[in-house]
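Dear colleague,

Please find below the structure that I am passing on to you for your further work. A summary of the findings follows it.

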Amino acid sequence: MHSSHLLLEEPIRMASILEPSKPSFFPAMTKIVGTLGPKSRSLEVISGCLKAGMSVARFDFSWGDPEYHQETLETLKAAVKNTKKLCAVMLDTVGAEMQVVNKSEKAISLQADAFVVLTPHHDQEATSELLPINFDGLSKAVKKGDTIFVGQYLFTGSETTSVWLEVSEVKGEDVVCVCKNSATLAGSLFTLHASQVHIELPTLSDRDKEVISTWGVQNKIDFLSLSYTRHAEDVRQAREFLSKSGDLSQTQIFAKIENVEGLNHFDEILQEADGIILSRGNLGIDLPPEKVFLFQKAALYKCNMAGKPAVLTRVVDSMTDNLRPTRAEATDVANAVLDGSDAILLGAETLRGLYPVETISIVGKICSEAEKVFNQDLYFKKTVKYVGEPMTHLESIASSAVRAAIKVKASVIICFTSSGRAARLIAKYRPTMPVLSVVIPRLKTNQLKWSFTGAFEDQPCSLSYHLWESYPSNARQSLIVRGLFPMLADPRHPAESTNATNESVLKVALDHGKVSGVIKSHDRVVVCQKVGDASVVKIIELED
């Protein structure tokens, strides 16, 4: 599978390890997706998350109602405006998720070796002997000896907050299980996961469809995280639904791989999806522990070669309650970067964790350190070899731009794009320097109030925030791609130009780079743009 490659530069100077990290305009090339919830929905905390490096906000609809999430989103918009840090929006579906319903919300204590019954009659009260679930087909899907996990907000890995059950017998619609460990379940909903068992539930539930067609359309979501994707057909059906739902045809679908069934159909799913989320919480218990690292390396490699963003979850669980990650977690984040992750997704750590801002900051710092020792030369050669010859025109231009930038030690690559495809292809080759994607939107109506300010303060965007929706999706969608940073140009300047307009847009991009400290006097910059029908890669050496 050509997946076992340690992309680490040799040798690493031991003295350099002790050097303090230098602050940078871009906290890291690797992006951070933060889940917003009870502990991360105030203006102060969301602003802190954005400043710390969060570039995608995830709204998890497996809990909370649309009104609750709308309030959070409105606060996010205000935070974006205040901080001038752009942020994309991801809607995460419930999907084929089984849940234990605890209407009383009283804590439930389960003891090792005790029996507990899982019943589809969810009008009953949850107790230590009876757990009502939201699915009436479990008794038909499982058999004696099967493994079932139950925990709050997926599984923390802590034996005290999640329980491991073994099916003892099936009695009609009920499933009798024996507890393998003692645990206390707190809250109103717990996720239930039957290990390596096919569950006859739709990937896009009726509730998911309702949320997408209302909340999703209203907010013009950038990403749909398709939970429990098991087949390529799941993605096709979701895309068909999006195309019929208002103005969501441009929304990107990220297939969330959560079980062995999805892993078995990974290649076909990758072909259909715009990106992949490896949900290591569920996958980690669906697979034997000794296989977890293998699926991660193999899946990330495939995503990298396809040029599709790969997002990894569940890296610093302990930071939900602690200010510092464990040694294993810190190493895990770094290995995720070295394995090829585009982004790290934080779930419980930011949703209900005590230190959301600090978590984002620490994860960003670890990513940044790992990026410094990423063996770009080896990665570039592997990618070129994988793509093979003859390359497509665009692929050739993208790889040439990266090769040129590395050879001349450019401080930044600037790419003019309308669709964002060219910039994503450049990012696919993992350049060591940031890629400024100058997005030149296509004007369809004169209703959008663009303003080309020419000088910016913080984030790569030259848009005054008249309307949150005014910023095109393909610009926000680059906020999940490693090393890609969007900046908006005046829509009156076409991406394909023969006159001087591109030069004025380029000047603004360069000025922005200088203001942010990414570009300094006498730096070299590689520019990739279209002039007429030709694609041009040029090297600029800046004067004072």
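In what follows, a crossing of two helices is called left-handed if the near helix is turned anticlockwise from the far one by less than a right angle, and right-handed if clockwise. Helices (H or I, at least four residues) and strands (E, at least two) are DSSP runs, numbered from the N terminus.

This is a predicted model, in which local features need pLDDT of at least 70 and side-chain atom pairs count only at pLDDT 80 or more, while totals for chains, interfaces and linings use all residues. Residues are numbered from 1 along each chain as its sequence is written, and side-chain values use heavy atoms, with hydrogens and water left out.

Overall composition

The chain has 18 helices and 22 strands. Of its 544 residues, 57% are buried; buried means under 20% relative accessible area, exposed over 50%, and partly exposed in between, with a 1.4 Å probe and protein chains only. Contact means heavy atoms within 4.5 Å. Among contacts between residues at least 6 apart in sequence, 72% join residues at least 24 apart.

A nonpolar core is a set of buried Ala, Val, Leu, Ile, Met, Phe, Trp, Tyr and Cys residues joined through side-chain atoms within 4.5 Å. The largest such core has 62 residues, and those with the most contacts inside it are Met54, Phe59, Leu76, Trp215, Ile276 and Leu278. Another core, of 36 residues, lies apart from it and includes Cys415, Val435, Ile480 and Cys528.

Helix packing

Axes are lines fitted to C-alpha atoms, for helices over the stretch in contact, and angles run from 0 to 180 degrees between N-to-C directions. Angles under 35 degrees count as roughly parallel, over 145 as roughly antiparallel, 65 to 115 as roughly perpendicular and the rest as oblique. For residue classes, Ala, Val, Leu, Ile, Met, Phe, Trp, Tyr, Cys and Pro count as nonpolar, Asp, Glu, Lys and Arg as charged, and the others, Gly among them, as polar.

Helix α11 (residues 327-339) packs on helix α13 (residues 356-372) at about 50°, with the axes 9 Å apart; the two are therefore oblique to each other. The crossing of α11 and α13 is right-handed. Ala330, Val333, Ala334, Val337 and Leu338 of α11 make the contact with Val363, Ile366, Cys367, Ala370 and Glu371 of α13. By class, this contact has 9 nonpolar, no polar and 1 charged residues.

Helices α14 (residues 376-387) and α15 (residues 393-407) have axes 12 Å apart and an angle of about 160°, and are therefore roughly antiparallel. Their crossing is left-handed. From α14, Gln376, Phe380 and Val387 meet Glu395, Ser399, Val402, Arg403 and Ile406 of α15. The contact of α14 with α15 has 4 nonpolar, 2 polar and 2 charged residues.

The axes of α15 and helix α16 (residues 421-428) come within 8 Å and cross at roughly 55°, which makes α15 oblique to α16. This crossing is right-handed. Leu394, Glu395, Ala398, Ala401 and Val402 in α15 meet Arg421, Ala422, Leu425, Ile426 and Lys428 in α16. These residues divide into 7 nonpolar, no polar and 3 charged.

Backbone geometry

Most residues other than glycine have a negative phi, and most peptide bonds are trans. A cis peptide bond joins glutamate 389 and proline 390, with omega about -5°; proline 390 is found in the loop between α14 and α15.

Aspartate 113 has a positive phi, near 75°, and lies in the loop between β5 (108-110) and β6 (115-119). With 62% relative accessibility, aspartate 113 counts as exposed. Tyrosine 228, in the loop between β13 (223-226) and α6 (232-244), has a positive phi near 55°. At 4% relative accessibility, tyrosine 228 counts as buried.

Two further sites

In helix α2 (residues 43-52), the buried residues are Ile46, Ser47, Gly48, Cys49, Leu50 and Ala52. They pack against β2 (54-60), α3 (66-83) and α13.

Methionine 319 lies in the loop between β16 (310-313) and α11 and is buried, with a relative accessible area of 0%. Leaving aside its neighbours within four places in sequence, methionine 319 is in contact with Arg324, Pro325, Tyr355, Glu358, Thr359 and Ile362.

Yours sincerely
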